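Work through the exercises below with the sequence and the model open. Try each task before reading its solution.

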Amino acid sequence: MSKYFDDLETRSADERAAAIAQALPRQIERAQALPGYAATLSGVDPAAIRGADDLATLPVLRKSDLGRAQAAHAPLGGLTTRNASGFAHVFQSPGPIYEPGGDSHDWWRMGRFLKACGVGEGDIVQNCFGYHLTPAGMIFENGARAVGAAVLPAGTGQTELQARAAHDVGVTAYAGTPDYLKIILDKAAELGLDLNITKAAVGGGALFPSLRQEYADRGIACLQCYATADLGNIAYESEAQDGMIVDEGVIVEIVTPGTGDPVGPGEVGEVVVTTLNPDYPLIRFATGDLSAVMEGVSPCGRTNMRIRGWMGRADQTTKIKGMFVRPEQVAALVARHDEISRARVIATREGEMDVMTVRIEADGGDADTYAGSVTEALKLKGRIEIVARGSLPNDGKVIEDQRSYD
């Protein structure tokens with residue numbers, strides 16, 4: 001049986017470019033027919049947009065643009081080729097932003113990643129991504145179905161039940177955030193339960209080398225993907241663990257943050273993605289994530305462009321415990337209390353787990369006083385430290401990521 005999901009993964013550069021040159025003008029034409037693109041793609045000649053260099057002449061679409069489009073053309077912003085009722089699912093992400101979801105074969109393109117992880121027929125995947133409102137759970141469910149694996153739809157939380165289910169059902173693969181698998185494994189060991197998990201497909205947070213090695217020491221091969229609720233899978237690791245291979249259903253550009261202008265070879269910039277999904281033609285969608293193109297092709301034999309993976313945010317938005325924390329949320333926390341002059345969120349790691357510390361500038365006070373406000377504003381619990389007014393660095397940062405990605 002081939003280790004590849006399909007023959008698209010091993011095409012020559014010329015074959016891939018020729019296929020894109022045919023598919024991309026059709027996608028631009030689809031987008032032009034949608035009310036959400038009326039202002040940005042009017043007057044564009046679809047036949048002239050045949051590759052990434054041509055895409056660079058078009059405007060960038062940002063997450064904030066989705067919100068405005070959805071306010072004007074509820075609920076999906078006039079950016080889809082079907083009405084909301086024509087999709088299998090409609091999801092809600094913070095904002096709120098609404099995303100469509102399909103259930104046809106590998107609609108989210110996650111099957112390609114799971115295949116690279118070695119997941120397929122005979123496997124049972126414990127899917128620990130959320131199924132409530134947000135799409136991650138269904139994204140991985142759809143991918144598992146595409147490679148013929150069964151799914152234990154575990155979702156998040158209830159760790160003891162998760163460990164027992166993994167043992168009782170005979171789970172062989174895990175899907176979820178990188179650090180939650182360790183919690184399940186440790187709980188199973190505590191309960192004296194033997195698990196059969198040998199494969200892990202993770203996303204939604206950084207996979208730190210030390211954690212990957214811990215899984216390897218436990219006999220688990222752990223690979224990560226790069227995906228978003230809007231786009232589905234963008235890029236993924238293979239067994240070579242040498243960068244992330246761009247998915248065959250998207251076109252990735254690396255641009256100077258805030259401009260949309262392509263950076264030089266190997267330079268770090270913002271990831272901008274155009275999807276070839278005919279149901280949801282996102283054109284030059286800015287992810288807000290930083291990465292860089294790698295030279296050459298993967299040693300695994302897959303020939304598409306590689307990127308270095310997630311290298312931080314183009315803005316200060318930071319993912320902690322699998323959740324985005326945004327500067328506007330920190331501002332909302334400060335606004336809740338007149339006595340707070342400034343606040344700063346700091347992300348660190350302890351024992352392979354994300355830790356969020358919130359430093360609050362105020363004239364004294366008890367940290368417990370602000371615990372409820374921190375949870376409500378940031379959607380996460382964290383340590384709270386009260387510091388003197390004027391003691392936080394005057395560098396414009398409200399979110400600081402101190403985690404090492406080496």
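**Exercise 1. Is Gln-162 buried or exposed, and what is its relative accessible area?**

Step 1. Apply the cut-offs: buried means under 20% relative accessible area, exposed over 50%, partly exposed in between (1.4 Å probe, protein chains only).
Step 2. Gln-162 has a relative accessible area of 4%, so this residue is buried.
Step 3. Helices (H or I, at least four residues) and strands (E, at least two) are DSSP runs, numbered from the N terminus.
Step 4. List the contacts, meaning heavy atoms within 4.5 Å. Neighbours within four places in sequence aside, Gln-162 meets Gln-126, Cys-128, Ala-154, Gly-155, Thr-156, Gly-157, Tyr-180 and Ile-184.

A note on the source: this is a predicted model, where local features need pLDDT of at least 70 and side-chain atom pairs count only at pLDDT 80 or more, while totals for chains, interfaces and linings use all residues. Residues are numbered from 1 along each chain as its sequence is written, and side-chain values use heavy atoms, with hydrogens and water left out.

**Exercise 2. How many disulfides are there?**

Step 1. A disulfide is a covalent bond between the sulfur atoms of two cysteines. The test here is a pair of cysteine sulfur atoms within 2.5 Å.
Step 2. Take Cys-222. Its closest cysteine sulfur is in Cys-117, 7.9 Å away, so a bond is ruled out by distance.
Step 3. Take Cys-225. Here too the closest cysteine sulfur belongs to Cys-117, at 7.9 Å, which is too far for a bond.
Step 4. The count is 0 disulfides.
Step 5. Check burial. Cys-222 is buried at 2% relative accessibility, and Cys-225 is buried at 9%.

**Exercise 3. How many residues of helix H5 are buried?**

Step 1. H5 spans residues 136–146.
Step 2. Of its 11 residues, 9 are buried, so the helix is largely enclosed by the rest of the structure.
Step 3. Name some: Met-138, Ile-139, Phe-140 and Glu-141 are among the buried residues.
Step 4. Look just after H5: Gly-148 takes a positive phi of about 85°.

**Exercise 4. What is the strand order of the open sheet of 3 strands?**

Step 1. The order is S10-S11-S12, with antiparallel pairing. Two strands pair if DSSP finds at least two bridges between them.
Step 2. The edge strands are S10 (250–255) and S12 (285–291), each pairing on one side only.
Step 3. S11 (residues 269–275) pairs with S12 over 4 bridges. Gly-269 stands opposite Ser-291, and Val-272 has Ala-286 as its bridge partner.
Step 4. S12 is mostly covered, with 7 of its 7 residues buried.

**Exercise 5. Which residues have the most contacts inside the largest nonpolar core?**

Step 1. A nonpolar core is a set of buried Ala, Val, Leu, Ile, Met, Phe, Trp, Tyr and Cys residues joined through side-chain atoms within 4.5 Å.
Step 2. The largest has 34 residues, and Tyr-37 and Val-252 have the most contacts inside it.
Step 3. Find the suppliers: helix H1 (13–32), helix H3 (63–72), strand S8 (232–236), strand S9 (244–246), S10 and S11 each give at least two residues to this core.
Step 4. Not counting residues up to four places away in sequence, Tyr-37 touches residues including Leu-61, Leu-79 and Ile-283.
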